[in-house]
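Subject: Structure for your files

Hello,

Here is the structure I said I would pass on. My notes on it come after.

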Amino acid sequence: MKHLTEPQLNEYLDQMLDVPTQQKVEAHLSDCEGCRAQIAQLEILFSTLDELPEVPLTRDLKVGVLAGLPKTVEIPTLWQQPAFLAQSLLTVILLTLTMPILNRQFDSLSSFFTFPVIELTSFAEIIAKLSPLFRWDFRFSFAFPEISFTTPTLPSIPISLDTNIVLLLIISAGMMWGIGNFSLLRSKPEVRK
Amino acid sequence: MNIAKDRSLIKLAAQGDQDAFGKLVQLHQSAVFNVAYRMLGNRQDAEDVAQEAFVRAYNAFKNFDTDRPMRPWLKKIATNLCLNRIKAHHPTLSLENGLPPPKEPKPSPEAQTANREQDTQIRTAILSLAPHYRAVIELRHFQNLNYEEIAETLSKPLSSVKSDLFRARKMLAEKLKELKRI
């Protein structure tokens, strides 16, 4: 009688054989004492390994593991950064204060230049000119709803600003800009998402 | 182990929540440590490897399917780290710290001593195997992986895994017989 091979014995115990082969092995085992002895030996080994107890840990590994993880640093959004907030606030104040002066300057500048009047052809005119070129006739009319725009006016500030104050404000804004950008662009630690 | 809780912790940890990962460490540290202890036989080395396995897992979360259980994945990482460590250091067999008493139910002191001796013999026999044989025994008998999964974990051909496993079992059985005779 031909005995079972070592792979057959192992795969039988590991339940890795297909059903027909498993049935053949079982049929052989019922007749072969030698192969049954080999299976028994392997089964003892399997149960010996199964019975090996787990060794308890004597210390918590959590602290060491967390210390080995890459550091996570919460980077605040732009609006959470004091430098950025201060910059924005100062810009608004500056614009509000200097707007009348800038407006006056712009008016005096614009008097030096005269811009040519550009007559823009409307879309309807283009269509009307092009329509004879085609056989079909375009009859197109579209009316925009009438919307009236009013130029927003800034509140008048009851203070007079001389050039020195404006200069001081611009220098302050410049300093804030420098400090704010230094704070935003400073080297950042590694961040994990 | 609460699977739903485990899964929610895994999802949080995968998003970078280190507190959640700390809780996962506490849940699985013993299992991961035991893999390393069976493979290396030295408590200090096993703790180092277990720790490293968790750090590796954290850094590799993007490759992990968070719907799957974490423990088998951690054990596989630990097994491979052990193999790398053995290759790099060739550690000496060390069970000097002694083995702890088995878990409940508590046997009599005599039986306890006998059990402890038997456990030491089994561990010594495993540690006397070559590292690649140790790994297949660990993955098949302690992590219950099938042949294909072992082959995938060790990046080896299936045929080689089978022959290693069958040979390792034969050698282990012989070593256990020898140790019992002594």
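This is a predicted model: local features need pLDDT of at least 70, side-chain atom pairs count only at pLDDT 80 or more; totals for chains, interfaces and linings use all residues.

Interface

Contact between the chains involves 49 residues of chain B and 33 residues of chain A. Together the two chains bury about 3,800 Å², with 59% of that on carbon and sulfur atoms. The rule finds 6 salt bridges across the interface. R140(B) makes a salt bridge with D14(A), and their closest N and O atoms are 3.0 Å apart.

On the side of chain B that touches chain A, helices 1, 2, 3, 5, 6 and 8 of chain B each supply at least two residues. Helix 2 of chain B gives the most, with 12 residues. By class, this side of chain B has 24 nonpolar, 14 polar and 11 charged residues.

The largest pocket holds about 520 Å³ of space. It is lined by 18 residues, and P72(B), W73(B), K76(B), E152(B) and T153(B) are the closest to its centre. Helix 4 (70-89) of chain B provides the largest share of this lining, 7 residues. The lining divides into 8 nonpolar, 4 polar and 6 charged residues.

The second largest pocket has about 270 Å³ of space. Of its 14 lining residues, E6(A), Q38(A), Q41(A), L42(A) and K170(B) lie nearest its centre. Helix 1 and helix 3 of chain A and helix 8 of chain B each give two or more residues to that lining, and helix 8 of chain B has the largest share, 6 residues.

Regards

Technical notes
Residues are numbered from 1 along each chain as its sequence is written. Chains are lettered from A and ligands numbered from 1 in the order in which they are written. Side-chain values use heavy atoms; hydrogens and water are left out. Contact means heavy atoms within 4.5 Å. Buried area is the accessible area (1.4 Å probe) that two parts lose on being put together, summed over both. A salt bridge is a side-chain nitrogen of Lys or Arg within 4 Å of a carboxyl oxygen of Asp or Glu. Helices (H or I, at least four residues) and strands (E, at least two) are DSSP runs, numbered from the N terminus. Ala, Val, Leu, Ile, Met, Phe, Trp, Tyr, Cys and Pro count as nonpolar, Asp, Glu, Lys and Arg as charged, and the others, Gly among them, as polar. On a 1 Å grid over the protein atoms alone, a cavity is a set of points where a 1.4 Å probe fits but cannot get out, and a pocket is an open set with protein on both sides within 12 Å along at least five of seven lines; lining residues have an atom within 4 Å of a point. Grid points are joined across faces, edges and corners, and a volume is the space filled by probe spheres set on the points.
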